[in-house]
Amino acid sequence: MQRIVLITAPALAPAGEAILASGGCTPRYVSDYADTEGLRHILDTEPVEGIISRTMHLSADLLSACPSLKVISKHGTGTSNIDVAAASRQGISVFSTPGANARAVAEFSVGLMLAAARRIARFDRSVRLGEWSRAGDGMQLAGKTLGLVGYGRIARQVGDIACAMGMRIVALDPVRPPTETAGPTFCESLTDLLERSDVVSLHCPAVRGAAPLIDERALSRMKHGSILVNTARGELIDEAALVSMLDSGRLAAAALDTFANEPLADGPLRRHPNVILTPHVGGSTPEALDEMAAQAARNVVAYLDAAATGNALPKEIADLCLNPAAALHAERGRYGAVA
């Protein structure tokens, strides 16, 4: 009997496809990243046993429509698009692929930081319009302070690159790593980090439906002329408040790869000249996509094999399970609101 695995995207990298095929799994794909009708149709009409989740929202309603579903594996790390609590209630195990795209996202984050600081996109647009303005504005990053909200695999690599460029690094994370000889200065609160940083880069999880971590109050505590970078989750930022702070000049620029609702609709954020926008591609290099697809597929195949045979999951797979015993690390409160 075929084991149907739904991929919430139009394609999966070849490394993942090969692992699914070798595990006796038949993939099903949606037509595009916003094909919610296609997603529901497959879950309603086919005995899907596993899902490899990209960015589409997997709600309690969708999960309940598929009683055959046993396992969801996130193609990445952030699970704010998956109702993990609902999955747990239905006995569906949820896995992630931590670290698979860490280098790609770290490099992209630094690229966005540089582009925002030196206004690269604006100069590019100017030259294409036939202009030749050599205005010497923008921010030199050497000697400035980078604030990392979250200090996991991606943030550590961002910090390493920024440190090599001559930046000072401060960080906020509820779980601090062992003391290192060369590492960031840890802040005691989000307010402290925002007030100290010239550039703030978000690398923490989000809970879908929770209030934004970076709201109007938080933005008001950032330095005048500072920059905000987000390659984590769009739900972390109050986008309307961000536009207001950019309009007022409180913030010099923002560089965003993720948004509260994707694809990003037309509006003030999309039209703002001091915002760099990219379509959630921070982790999408060929190398990272191959590694994420392979690990996501390994998670699904290993779980379905264990469920079929009654054997225990290999430890390296079991360690990637987010529920039910493991407490989710995506609690906004662990980072603290701005006072």
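Visitor: How many bridges join strand E10 to strand E11?

Guide: Helices (H or I, at least four residues) and strands (E, at least two) are DSSP runs, numbered from the N terminus. Two strands pair if DSSP finds at least two bridges between them. Here five bridges join E10 (residues 226–230) and E11 (residues 251–256), which run parallel. Ser226 stands opposite Leu251 in E11. This is a predicted model, in which local features need pLDDT of at least 70 and side-chain atom pairs count only at pLDDT 80 or more, while totals for chains, interfaces and linings use all residues. Residues are numbered from 1 along each chain as its sequence is written, and side-chain values use heavy atoms, with hydrogens and water left out.

Visitor: In what order do the seven strands of the open sheet lie?

Guide: The order is E8-E7-E6-E9-E10-E11-E12, with parallel pairing. Strands E8 (185–186) and E12 (275–277) are the edges, each pairing on one side only.

Visitor: Which strands does helix H10 touch?

Guide: Contact means heavy atoms within 4.5 Å. Axes are lines fitted to C-alpha atoms, for helices over the stretch in contact, and angles run from 0 to 180 degrees between N-to-C directions. H10 (residues 239–248) packs on the sheet and touches E10, E11 and E12, its direction making about 140° with that of E11.

Visitor: Is Thr145 buried or exposed?

Guide: Buried means under 20% relative accessible area, exposed over 50%, partly exposed in between (1.4 Å probe, protein chains only). Thr145 has 6% relative accessibility, so it counts as buried. Thr145 belongs to strand E6 (residues 145–149).
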